[in-house]
Amino acid sequence: MSRPLLGKVCVVTGASRGIGRTFALNDTPLPGSLQETAKQVEERGGTCIPVKCDHTDDKQVEELFDKINKEQNGRLDLLVNNAYAAVKTLSQPGFSAKSFWELEPELWDTVNNVGLRGHYVASVFAARMMVPAKQGLIINISSPGGLMYLFNVAYGAGKAGVDKMALDCAQELRTHSVAAVSLYPGVVRTELIDDMLSKVTPIDNQLKMFENGESPEFSGRGVVHLLSDPNIMKKSGRILFMGDVASEYGFTDIDGTVPFHHRRLKDVLQFRGHTWLSMFIPRFVNVPRWMMAVFLSKL
C-alpha cells in the first residue's frame, strides 16, 4: 500500500471529527474522539499522538508545539489549521435569517476566536519550527464565505481574514521555502452535520446544501496530494478549491464520485435550482476565480 506521508510530521487541529479527523487519519455524544482518530490512524499504518488542546488558550497551543519540537527533533512538515467552534451556532434553525445587529456582539468571538485567531497563533508556533528547517506547509481550512456572503457578517469576515492570512504568511515565508495556502473544501457531511440533519425537520435552507455533500475523506486526500507535491511553493499564497485540487491530481471521493465543485458552472446552477439550464453546460466549464463573488451573489 502506498504511504506518501511516511516519515512526515503533521499537526492537525480540530482532529477529533469532521474533515480534521480525516486530515489526521472530548468526550461528546457525537461520533468521533481523539482516541478514535488515533486508533484509525494506527490501523492505516501511521503513528498518531493525540493531544487535547484548548485553542482559546495560547499557552496550551505553545505547549503543544514545544512538545512536538522536543519529541520530533524539531521537525514539522505540515500544519492544518482546522479547529473551529462555531458550526453548531451557525447551523441553528433560523439563525441565518437574522442580521448582524440582531445578534449579540459576542458572536464575533464565538465564530472567530477558535478560527481566525486560533489559526494565526498556531501558525506562529509552527513557523518557528519550519523556518529554521527551510521546509513545511501551512494549510488554512477556509470556505467561499471569504469571497461571497455566507451565513452572516462575522463568518464572512473571519473567512476573508483566514484567506488574507495565508497570502501574507506566504509572502513572509517564501524566502524560507515554507508554503502557506488557504483551502476551500466543498459541501462536507461531517458527523455533526449528519447529527443535525437527523434532528431538524423541516431542514433549514442553510443545512439543505449538505444533504448531498462530499465525504470528509475527500479533503483529506487533497491535503495528502498537496503535501506530496514537490512544486508546492508555486501554489503558496493561493486560495485552492478542493474541486480544482481533485482535478489537478486526479482523485475522487471514497465512493468514486466527483463531488460538488464551487467553481464548476454546472454544479452551481444545479445547486441554485437552475436545473434546466445546467443540462446544457459541460462539466469542464468553470467560473473564473475573479468572477466567483459577483456570479454567486447574483444567482
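Mentor: A residue is called buried under 20% relative accessible area, exposed over 50%, and partly exposed in between, with a 1.4 Å probe and protein chains only. This is a predicted model, in which local features need pLDDT of at least 70 and side-chain atom pairs count only at pLDDT 80 or more, while totals for chains, interfaces and linings use all residues. Residues are numbered from 1 along each chain as its sequence is written, and side-chain values use heavy atoms, with hydrogens and water left out.

Trainee: Is serine 142 buried or exposed?

Mentor: Serine 142 lies in the loop between β3 and α6 (153–173); helices (H or I, at least four residues) and strands (E, at least two) are DSSP runs, numbered from the N terminus. Leaving aside neighbours within four places in sequence, serine 142 is in contact (heavy atoms within 4.5 Å) with residues including Lys159, Asp163 and Tyr184. Because its relative accessible area is 6%, serine 142 is classed as buried.

Trainee: In what order do the strands of the open sheet stand?

Mentor: Two strands pair if DSSP finds at least two bridges between them. Strand β1 (residues 10–12) is joined to β2 by 3 parallel bridges, and β2 pairs with β3 (residues 137–141) over 4 bridges, also in the parallel sense. Strand β4 (residues 179–184) and β5 pair in parallel over 3 bridges. The open sheet of 5 strands therefore has the order β1-β2-β3-β4-β5.

Trainee: Which residue in β3 is the bridge partner of leucine 78?

Mentor: Strand β2 (residues 78–81) is covered on both faces, with Leu78 and Val80 buried on one side and Leu79 and Asn81 buried on the other. Leucine 78 stands opposite cysteine 10. In β3, the bridge partner of leucine 78 is leucine 137.

Trainee: Which residue in β5 stands opposite tyrosine 184?

Mentor: Strand β5 (239–241) is an edge strand, as is β1, each pairing on one side only. The residue in β5 opposite tyrosine 184 is phenylalanine 241.

Trainee: Is phenylalanine 100 buried or exposed?

Mentor: Phenylalanine 100 is placed in the loop between α4 (87–90) and α5. With a relative accessible area of 53%, phenylalanine 100 passes the 50% limit, and so the class of phenylalanine 100 is exposed.
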